[in-house]
Amino acid sequence: MQYAGEGEIQANQIAWELGVSLDDPSSILTKAIHQRRALVVKNGTAEVAFDPIILKQLGNDHFAVVPLLVENNPIGVLVVDNIITKRPIEEDDIQLLEILAAQAALAIAHADAMEELARKVKETEAAYAELRASQEKLIEASKFAALGQMAATVAHEIRTPLVAIGGFVNLLMKKRTPGDSEYPHLKVVRDEALRLEDVLNRLLYYARPSQPQFEVQLIEPLIKNALALLETEFNERGIDVITEFAFQQPFPFDRNQIRQVIVNIIQNSFQSMEKGGKLYISTREENGEIIIIVRDTGEGISPENLSRIFEPFFSTKHAGTGLGMHVSQRIIQSHGGSIQVKSQLNQGAEVTIRLPRERTGETG
Amino acid sequence: MKKILIIEDETHLRQLYQSEFTDEGYKVILAKNGFEGISLCKRENPDLVVVDIRMPGMDGLDTISQILEHDRSRPVIIHSAYPHYQDNFMSWNADAFVVKSGDLSILKEKVNSFLQPASSG
C-alpha cells in the first residue's frame, strides 16, 4: 500500500509534467484527441509522428494514449503504460482500455453535470426567493390598492352625512356663546366630525391622489388656522406654541393639501406631548425654497419607527390610519418639495418641509 | 343684496347652506338638481353659482357647461365630496373647486372673494 501511495505521487508528478496545450499538434496526446482514437507507442514509435519529449517525461517508451469521449466530444485523455508489468500493450488491452475510457468519460461527464446541476439548483433557489419576495410585494401592493378603492367608496358615502353633522353643529354653536352649558358638548361633536373628515381626506388622497391646485397665497394664515383648531387642547395640556414667521411673501401651493399636511404634523406633535411641552413652528426662505419647520419636545420616535414613518398603513397609534405621514409626503412631493423627519426617542421630533418658491415646469 | 344659486341634491345640506349664506348676507336660491339649477339660473340671474358634482339626472359638470353657455362671466364654484374631480378637465370650467366640509369657512371665503358683499355675517 505504501508502494501504491508512492506510485500515486509519482503518477501525479508525471501527469503534471505532461500538461500540453490542445493547440500543440506535435504531442501524441493532442493527436489522440483530434483523431478520437487510441494510439499505441511501442519502442518509442507509433503509427503517427509525435514529439518524443513524452518518452522522457514518462520514462518509458511503451504506452498507450486513449481519448476520453462523451458523445464523440473529447474531454481528456487516458495515458497507460506498462512500467510495472513490462508486458507489451496488445490489441486486447487497447479494447479494454477503450471500454474503461468510455466509462471514465461518462463518469467525469456525470460529475460535471452534477456540479452544473447543483449550481443551477442554487441559481433557481435564488431566483425563486427573489420571485417570492416580489410576489409578496405585489400582493401587498394589490392589498393596498383594494383597500384604497374600498376606502374611497366608503369615504364618499360617509362624507355627505358628516358634512351635514359638522355644518349644523357649527350653526348651533354660532347661536351660543362659549359660556353656555351646551357649548362644550357641541364643540366635541364638531371637532370629532372634523377629525373624521380629516381621516376621510387622508384615505381619499391615498386612494386617488389629486394634482395640487396651485394658488399664489400666504402660508402664515394657513398655519395659524391649523393651530387654532387645536388651541383649546394645547392650553388644556399645557403646550406652549412658539411661532416665528420669517417668510411673509405669497407663493404658489394648494391650500387644502398643504393645510392637510400642516394639520397632520401638528396633530402628531400634539399626540407626542401628553405631559405638555413646547411646539415651535417657523417659516423662512433659503435658496429659492420655503422652509417650514415644526419641532416639538414630545416623546420622539425610535430609530426603527423613524425608518418606516412614510410607509402607508404604518402607525404606532391605536386609532391611527397610518396614512398621515405617507399622504403628507406624497402631497409635498407633488408640490416639487421634500419632507424630512429627525427624531430620537424622548428627545422630541423635528419635521422639515421644503417647498419651491416658484413653480418649476410640472403640470398642475 | 347679492344672489347666490346653490345646486345640491342633499336636502340637509341645502338647509345648511341656506342658513349659513343667509347669515353671510346673501340672498340664497336653492336648486335640488342640475335641470332645476339651469332654469333657476336663467330666471333669477344669480351673481354666483355653487354646484355639487354627483347628482342624479344631470351631473354638476354638465350643469356647469350649460350655465356657462348662458353667461360666461358669472363665477361658478364646484363644491364636491370628491376631491379627485379636480383632475377632470370638465371641472376646470369652474372658477374654483372646494371640497365639502362641515367647516364651511373655505367655501364662504371663496364666495366672499368673488362677491365681496356689503354686509358680513
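Predicted model: local features only at pLDDT ≥ 70, side-chain atom pairs only at ≥ 80, totals over all residues.
Residues are numbered from 1 along each chain as its sequence is written, and chains are lettered from A in the order in which they are written. Local features need pLDDT of at least 70, side-chain atom pairs count only at pLDDT 80 or more, and totals for chains, interfaces and linings use all residues; side-chain values use heavy atoms, without hydrogens and water.

In chain A, strand β7 (residues 277-286) pairs with two strands. Strands are DSSP runs of E, at least two residues, and helices are runs of H or I, at least four, numbered from the N terminus. Pairing requires at least two DSSP bridges between the strands. β5(A) (residues 239-245) runs parallel to β7(A), joined by 7 bridges. Here A:I239 partners A:G277. β8(A) (residues 289-296) is antiparallel to β7(A), over 8 bridges. A:I281 stands opposite A:V294.

Over all chains, 25 salt bridges are found (side-chain nitrogen of Lys or Arg within 4 Å of a carboxyl oxygen of Asp or Glu). B:K108 and B:E24 form one, at 3.9 Å between the closest N and O atoms. This pair links helix α4(B) (residues 105-115) to the loop between α1(B) and β2(B), 84 residues apart. B:K108 counts as buried because its relative accessibility is 14%; the cut-offs are under 20% for buried, over 50% for exposed and partly exposed in between (1.4 Å probe, protein chains only). B:E24, at 12%, is also buried.
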